[in-house]
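Visitor: I have a model open on my screen. Please show me how to read it, feature by feature.

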Amino acid sequence: MPSPPPPPGPPLVTVMGVSGSGKTTVGAALAQRLGVPFADADDFHPEANVAKMSAGVPLDDLDRLPWLHILGNWQAAHAATGAVVTCSALRRWYRDVLREAAPGQVFVHLDGPPEVVARRVAGRPGHFMPASLVESQFATLEALQADEAGFALDLDQPVDDLVVQAVEALTARGVAGPPSPSARPTGPTSAGKEA
C-alpha cells in the first residue's frame, strides 16, 4: 500500500501585478486565510524610491535591485513558517531575484485590462503611484512563464472569490493546507503604496 503524501509545506506566496490590481487587499486577506505573516513590498522601499514615484517618475532597475534583495531576504526568513507578500514583480528577472532568495515561493498574478486598473488607481486618494504611471507598468509587465511556479487570476472579481481561488490553486500545488488561525501582519510600515 503506498504511503500517504507528505503534508503541505508552509505557503510562501508573492501576490504580483501592476499598481491598482488589488495586491495589498488580496494579499492581506490571503495571509489571514492561510494564517501566515503578511508584508507589502512597498513598505520596504527606501525614501528615495518613494520620492521618485511621488514625482511621477518610474523606478529604474538600479532603484529596484536593492529593494528586491531586501524583500527576498524577508521572504527567506519566513520560509519555515510561510508568508504572503505583495510585490509588483513585473519582470521575470525581478521574480528571479526573489526566487533566488526564497526558492519555494509561488506567484499569484492578479491580471486584468489596463482600463480597469487605471480606473482603480485614479480613485485612490493619497497614493504615491499616479494613474499616469499605469501605462508604464503594463509596458514593463512580463507575464508568468511556463517554468515559473505560479498562476494568474482575473482581478475583476470580489476579494473573497480571489482568495478562495488562490487557496484552492495553492492546495492543489501542495503548498497550502487547511487554513490556520489568523496571523498578525509583520514587517515595516509606511503610508505609501505602489501596489
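Guide: Start with contacts: a contact means heavy atoms within 4.5 Å. Here, residues 24 or more positions apart account for 80% of the contacts with a separation of 6 or more. This is a predicted model, where local features need pLDDT of at least 70, side-chain atom pairs count only at pLDDT 80 or more, and totals for chains, interfaces and linings use all residues. Residues are numbered from 1 along each chain as its sequence is written, and side-chain values use heavy atoms, with hydrogens and water left out.

Visitor: How many helices and strands are there in the chain?

Guide: Helices (H or I, at least four residues) and strands (E, at least two) are DSSP runs, numbered from the N terminus. This chain has seven helices and five strands. Their order along the sequence is β-α-β-α-α-β-α-β-α-α-β-α.

Visitor: In what order do the strands form the sheet?

Guide: Strands of a sheet pair through backbone hydrogen bonds, either parallel or antiparallel. Two strands count as paired if DSSP finds at least two bridges between them. Here the order is β2-β3-β1-β4-β5, in an open sheet with parallel pairing. β2 (38–40) and β5 (150–154) are the edge strands, each pairing on one side only. Between β1 (residues 12–16) and β3 (residues 83–86) there are four bridges. One partner pair is Val15 with Thr86.

Visitor: Which strands does helix α1 lie across?

Guide: Angles run from 0 to 180 degrees between N-to-C directions, and axes are lines fitted to C-alpha atoms, for helices over the stretch in contact. Helix α1 (residues 23–34) lies across β1, β2, β3 and β4 (106–111), at about 180° to β3. Helix α3 (residues 61–77) touches β1, β2 and β3, and makes about 165° with β3.

Visitor: How many aromatic pairs does a search of the whole structure find?

Guide: A pair of aromatic rings is described by the distance of the centres and the angle of the planes. Rings of Phe, Tyr and Trp (its six-membered ring) pair if their centres lie within 6.5 Å; planes under 30 degrees apart are stacked, over 60 edge-to-face, the rest tilted. The search finds two pairs. Phe44 and Trp74 are edge-to-face, 6.2 Å centre to centre with 65° between the planes. Phe44 sits in the loop between β2 and α2 (47–54) and Trp74 in helix α3, so the pair ties together parts 30 residues apart in sequence. Trp93 and Tyr94 have centres 4.8 Å apart and planes at 75°, so this pair is edge-to-face.
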